[in-house]
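This report looks at how one chain is put together. It begins with a pair of helices and then widens to the fold, the cores and a charged pair.

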Amino acid sequence: MMIIKENQNFHISLDNLIESKHMKQRQNRMLIENIHKQNIVDIFWVDKGHPNGPEIHVLLSKAIILILNARSSKVCTVLLARAKQISRYYEATEQLPPFELLVYAMNNEVHGWNYI
């Protein structure tokens, strides 16, 4: 079971991200555009029941999802989102996703970038 809550209480700087050990082992996820030049669109708190605790999912302006450990604030992974992923966050909080974000996500799928 996955619990998603919108949370605007987090203050995240894209300039001082700390990578987790897991993320350092997955350098291929970082070949996307310079994350620091993107804007934060929304932030969601996600609890999947993982032993390392809940996560903070940061949706960036070009449909990139930055996943941080909620306890340590370290970056776990970076994903190029699919449209359905974006929609799930907003459905869980009873909101509509930003259209532009869905367009970027659909573009990720068309080009197969979400498999990077």
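## The α2–α3 contact

A83, I86, S87 and Y90 in α2 meet L101, L102, A105, M106 and E109 in α3. Contact here means heavy atoms within 4.5 Å. The residues of this contact divide into seven nonpolar, one polar and one charged. Ala, Val, Leu, Ile, Met, Phe, Trp, Tyr, Cys and Pro count as nonpolar; Asp, Glu, Lys and Arg count as charged; the others, Gly among them, are polar.

Two packed helices are described by the angle and the distance between their axes. Helix α2 spans residues 83-92 and helix α3 spans residues 99-110. Their axes come within 8 Å and cross at roughly 145 degrees. Axes are lines fitted to C-alpha atoms, for helices over the stretch in contact, and angles run from 0 to 180 degrees between N-to-C directions.

## Model and fold

This is a predicted model: local features need pLDDT of at least 70, side-chain atom pairs count only at pLDDT 80 or more, and totals for chains, interfaces and linings use all residues. Residues are numbered from 1 along each chain as its sequence is written, and side-chain values use heavy atoms, with hydrogens and water left out.

The chain has three helices and five strands. Along the sequence the pattern is β-α-β-β-β-β-α-α. Helices (H or I, at least four residues) and strands (E, at least two) are DSSP runs, numbered from the N terminus. Among contacts between residues at least 6 apart in sequence, 52% join residues at least 24 apart.

## Burial and cores

Of the 116 residues, 41% count as buried. Buried means under 20% relative accessible area, exposed over 50%, and partly exposed in between (1.4 Å probe, protein chains only).

A nonpolar core is a set of buried Ala, Val, Leu, Ile, Met, Phe, Trp, Tyr and Cys residues joined through side-chain atoms within 4.5 Å. The largest has 16 residues, of which F44, L59, I65, I86, Y89, Y90 and L101 touch the most other members. β2 (40-47), β4 (64-69), β5 (75-80), α2 and α3 each supply at least two residues of this core. α2 gives the most, with four. A second, separate core of eleven residues includes I56, L68, V78 and L80.

## The salt bridge

The structure holds one salt bridge (a side-chain nitrogen of Lys or Arg within 4 Å of a carboxyl oxygen of Asp or Glu). The side chains of K48 and E55 form it, at 3.8 Å, N to O. K48 is partly exposed, at 44% relative accessibility. E55 is buried, at 13%.
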